[in-house]
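Please work through the exercises below with the model open beside the text. Each task is followed by a solution that goes step by step.

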Amino acid sequence: MTDRNRLSPGDSAPDFTLPDSAGNTVSLSDFRGQSVVVYFYPAAGTPGCTKQACDFRDNLAQLNDAGYQVLGISPDKPEKLATFVENEKLTFPLLADPDKTVLTEWGAFGEKKNYGRIVQGVIRSTFVVDPEGTIAVAQYNVRATGHVAKLLRDLKLAS
């Protein structure tokens, strides 16, 4: 993964239309005029991804009250996402990108280190898209645990 494949603050957020866990289509452009947190994670139901999703769920009211919507994207199929949403009582859209097109466009799929080896995979990443559709925050290789608390601090929503 080279830095030139990555998005940076000031870049236009690539639009996408993906199915959610219920099979409805969701587009980034649906949220124009609002701030959106878009986060990419490797796999629904795994320990780290569950921790991260539950952290977003548990802080969703604070994010929503500050004007932020949350969208999670993984290469999982909608059926697996539906099970994840139900099991964890998630209250924000999870979107399916099984062909990894959106993951790749956003620089969230590619080479990464996993236990010291270089592999192809999902790069856990979080972005904040402003109401005009511009990347305001771009964070790659984030940690599953503690990431939402750090994001809240970065957005000046927590101390």
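**Exercise 1: an aspartate in a helix**

Aspartate 55 has a relative accessibility of 13% and therefore counts as buried, where buried means under 20% relative accessible area, exposed over 50% and partly exposed in between, with a 1.4 Å probe and protein chains only. Residues are numbered from 1 along each chain as its sequence is written. This is a predicted model, in which local features need pLDDT of at least 70 and side-chain atom pairs count only at pLDDT 80 or more, while totals for chains, interfaces and linings use all residues, and side-chain values use heavy atoms, with hydrogens and water left out.

Task: state in which element aspartate 55 is found, and which residues aspartate 55 touches beyond four places in sequence.

Solution. Begin with the element: aspartate 55 belongs to helix H1, helices being DSSP runs (H or I) of at least four residues and strands (E) of at least two, numbered from the N terminus. Then turn to the contacts, meaning heavy atoms within 4.5 Å: once residues up to four places away in sequence are set aside, aspartate 55 touches Ala144, Gly146 and Val148.

**Exercise 2: the nonpolar cores**

Task: find which members of the largest nonpolar core touch the most other members, and which elements each supply at least two of its residues.

Solution. A nonpolar core is a set of buried Ala, Val, Leu, Ile, Met, Phe, Trp, Tyr and Cys residues joined through side-chain atoms within 4.5 Å. The largest one has 24 residues, and Tyr39, Tyr41, Phe56, Val70, Phe92 and Leu94 touch the most other members. At least two residues of this core come from each of strands E3 (35-40), E4 (68-74) and E5 (94-96) and from each of helices H1 (47-58), H2 (60-65), H3 (78-88) and H5 (147-154). A second, separate core of 23 residues includes Ile73, Val102, Leu103 and Tyr140.

**Exercise 3: positive phi values**

Task: locate lysine 89 and asparagine 141, and decide whether lysine 89 is buried or exposed.

Solution. Lysine 89 lies in the loop between H3 and E5, and its phi is near 55°, a positive value in a residue other than glycine. With 61% relative accessibility, lysine 89 counts as exposed. Asparagine 141 sits in the loop between strand E9 (135-140) and H5, and the phi of asparagine 141 is likewise near 55°.
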